[in-house]
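Here are my notes for your first look at this protein. Keep the viewer open and check each point as you go.

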Amino acid sequence: MSTTARRAALAAVLKRLPSYTKPRWPKPGEKPHNTIELLSGAEFEGGDLVRDIGTYLSPMLEPSWPHKVPKRLLTIMKGLRSDPSLARLRQLEDAAQTVLDEADAGRAPVLAQTIAVVEDLVDRSLVYAAALGCQRAAMRCAVLAFRHWRGRPTGFADPVTHGLMLSMLDYLHAADLHVTPVDVRGYIQESRHLQIWQADGDARRLTHLLTLVQEAVDTPQPGTSAKDDPEDRAAILEDRAGIIRQAPPVTEARPEDGVMWFNEDGQTYSGADLPLAPGMVVVGDVSHVKKSGKHDNDPVKEAEAIIGKRLPLVAPPADLGAARAELLAEFPHAERIVDRLLRPLASQDSVRIPPVLIWGPPGGGKTRLARRLGEVLDLQPAVLSMAGATDSITLTGTARGWSTGGFSILGRELIRTKIANPIIIIDEGDKIGTSRTNGNACDALINLMGAETAARYRDVYLQADIDGSRVQWIVTANGLDTIPRALVDRCLVLRLDEPGPEHLRTLATSILADVRADRGLDQLWAPPFDGVEWAALEANWAKGGSLRALRRLVETVLDARDAGPRQ
C-alpha cells in the first residue's frame, strides 16, 4: 500500500473510530443485524438471543414468504421460534444442511435465491448455538468468520472486517474450552462486543509479532542487495515514524542485569535476557504538586510507595482449572458466571476483567462470590458497601486542607495493595443514594469505571493524576430497577439465581468448613454430616433458597450435636 493510501485508510478509521470501539446495536425501526454482522461481534436484537431468534424467524414463517422449503424445515423453524432450545438449533442446522446437500446432488431443485436463504439458516443456527456454549458451533463460527474476513477488501478495515478478525480469535478460544453447553433457560445475556474485545490482546500480539518477522524478512542481509521499491521504502519509513500503530511500548521490569540465572539445561543467562514481567506506573511526575502546610498531612509522602514506581500486574493463575474448581466447590450454582469471568484469562498475560454487575435475589452469595473470585485470582479484593451512601466522598476522597482529607478509592487501594490491577467490589449497588450534595456517588462510580477517565483520574487529595485503568470492578445488586442506565451500560451484567436443592451437599459442606473456622473447631470435633443430619437439612431446604438461611440450618445442626440426644 502506498503512503498516500495508507494515510487515507488511517484517516477513515479515525473518523469512524467509535464504530470500531463501541457495541454495534441494531438501530430502532431497522431490521436486526445480518448473520455476517453477528459473526463480527454485533449485538443480538435487544442484547437477547431469544428475542433475536424470534425477530429473525418471524418473516420466514409468514404465508407471504416467497421461498419454498420442505415442510419439515418449516416445522422446526416454528418450534424454534415458539420454544427456543439448543436441541432445536441443532435440528434446524441439520435440516437446512440436508436441503443444501440434496440440491447439490440434484435430487431437489431449489432456486438460487432460496439456496442463499437456507445457507444463512445454517450459519445463523451456528451463531446462536455458539452463544449457548457449544464448542462445535464455536469452531464452525471461527471458520465462517475467517472465510468472510478473507472475502472482504483488504485495503481498508471497516468495523465489520475488524470485528471478524477479533471474533475469529474469540471463537477459537471458546472452541478450546471444556464447558458444558447450556440451553436457553440457562443462557446469560452478555455483550458480544465485550466478548470479542477480550481477544484484543491476542490480536495485538499477533500483529506485533507478524510485523517484526515481516520486517526482518524484508530487510536486506549484509552483502546482499534488495529490490528498491519506492512504495515499500516509503511504507517502512512511515512505520518507523510511528504513523501506523505498532504494539504498545513495553514498560515491564526485568530482574537486575547483574544477577545470573540458570535454565533447565544448566546454561547461564543474565536478568536482561529474562522474559518481561507485566507492570505499569500508576502515578507519574508529582513535581507540580504544592507542598503541604506545616500542620497538614503530606499526601505525596503517604503515596510514595506508588509514585513513580512500577506496580506489578497480577497474572492469571497458572492452573485456571484448579481456580475454577475451587470457586465451584463454594458456588456450584454460579457455574455460568465463573466460566464467563475465567474464560478470557486463558489468553491474558495479566488479569483483566471488564466491569461486572452481578445481580439476583438476596442471599444468593453475590458479594461472597465476588470476594472469593478476587482472592482466588490474588487481586487483594476490597469490599465497599454503598447502602445508604448519600454522596461521592467515599469514592472520590476529600481535598487536602480539610481535617477529613483523604485519597480517592483508587489511591487508597493502589497504596494498600501495591498492585496495578486490584479488584474493588461495590456492594449493594442498587442502594446508592441519589443526593447530589458533595457529588452523586453513582456519577463518581461511572467516572471511575470509564477506561478513558480512569486512566487520567485526578485525585483531589494528591492533586495529581492516577492511572486506574487496570483496576477491576464488580458491582453487586438485588435488582436493576434503581441502578442508573448509564452504569448498567458500562458493565457486563450477569444474573446469579438462588441455589437449588441439587446444590445442597456442596454448599452445606463448604458452609460447615466456614462455621468450623469461625468457631475455632477442629475437624475431629465437627466431622462431616451423617445420614440423619443430611436428611434433616434436605427436609428443611427442600426448595433451595438463601445461603444465609442454609447457614442458619448448618449452625442449628451443629448446636444440636452439642445439646446431645433428647432424654
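1. Start with two helices. Helix α4 covers residues 49-57, and helix α7 covers residues 112-131. Their axes come within 11 Å and cross at roughly 170°. Angles over 145 degrees count as roughly antiparallel, so α4 is roughly antiparallel to α7. Bear in mind that this is a predicted model.

2. Which residues make this contact? From α4 come Leu49, Asp52, Ile53, Tyr56 and Leu57. From α7 come Asp120, Leu121, Arg124, Tyr128 and Ala131. Sorted by class, the contact of α4 with α7 has 7 nonpolar and 3 charged residues, and no polar ones.

3. Look again at Tyr56 and Arg124. Both belong to the contact between α4 and α7. Arg124 lies over the face of Tyr56, at 4.2 Å from the ring centre.

4. Now turn to the aromatic rings. The structure holds 4 aromatic pairs. One of them joins Phe146 and Trp149, with ring centres 5.8 Å apart and planes at 50°.

5. An α-helix has 3.6 residues a turn, so residues three or four places apart point the same way. Phe146 is partly exposed, at 34% relative accessibility. Trp149 is partly exposed too, at 27%.

6. A second pair is Phe529 and Trp534. Their ring centres are 5.2 Å apart and their planes are at 80°. Planes over 60 degrees apart count as edge-to-face, so this pair is edge-to-face. Buried or exposed? The cut-off for buried is under 20% relative accessible area. Phe529 has 8% relative accessibility, so Phe529 is buried. Trp534 has 9%, so Trp534 is buried as well.

7. Trp534 has a charged neighbour. Arg505 lies over the face of Trp534, at 4.5 Å from the ring centre.

8. Leu328, Ala329 and Glu330 in α14 meet Thr506, Leu507 and Ser510 in α22. By class, the contact of α14 with α22 has 3 nonpolar, 2 polar and 1 charged residues.

9. Next, look at helix α16, residues 366-376. Which of its residues are buried? They are Lys366, Leu369, Ala370, Arg372, Leu373, Gly374 and Val376. The cover over these buried residues includes the helices α14 and α15, and the strands β5, β7 and β10. After α16 comes Asp378, whose phi is positive, near 65°.

10. Finish with a loop. Ser287 is found between β3 (279-281) and α13 (299-302). Ser287 has a relative accessible area of 61%, so Ser287 is exposed. How far apart are Ser287 and Val300 in sequence and in space? They are 13 residues apart in sequence and 9.8 Å apart in space, C-alpha to C-alpha.

Definitions and conventions: Residues numbered from 1 in each chain as written. Predicted model: local features only at pLDDT ≥ 70, side-chain atom pairs only at ≥ 80, totals over all residues. Heavy atoms only, no water. Phe/Tyr/Trp six-rings, centres within 6.5 Å; stacked < 30°, edge-to-face > 60°. Buried < 20%, exposed > 50% of the residue type's maximum accessible area, 1.4 Å probe, protein only. Lys NZ or Arg CZ within 6 Å of the ring centre and 35° of its normal. Axes fitted to C-alpha atoms, helices over the stretch in contact; angles between N-to-C directions. Helix = DSSP H or I, 4+ residues; strand = E, 2+ residues; numbered from the N terminus. Parallel < 35°, antiparallel > 145°, perpendicular 65-115°, else oblique. Contact = heavy atoms within 4.5 Å. Nonpolar A, V, L, I, M, F, W, Y, C, P; charged D, E, K, R; others polar.
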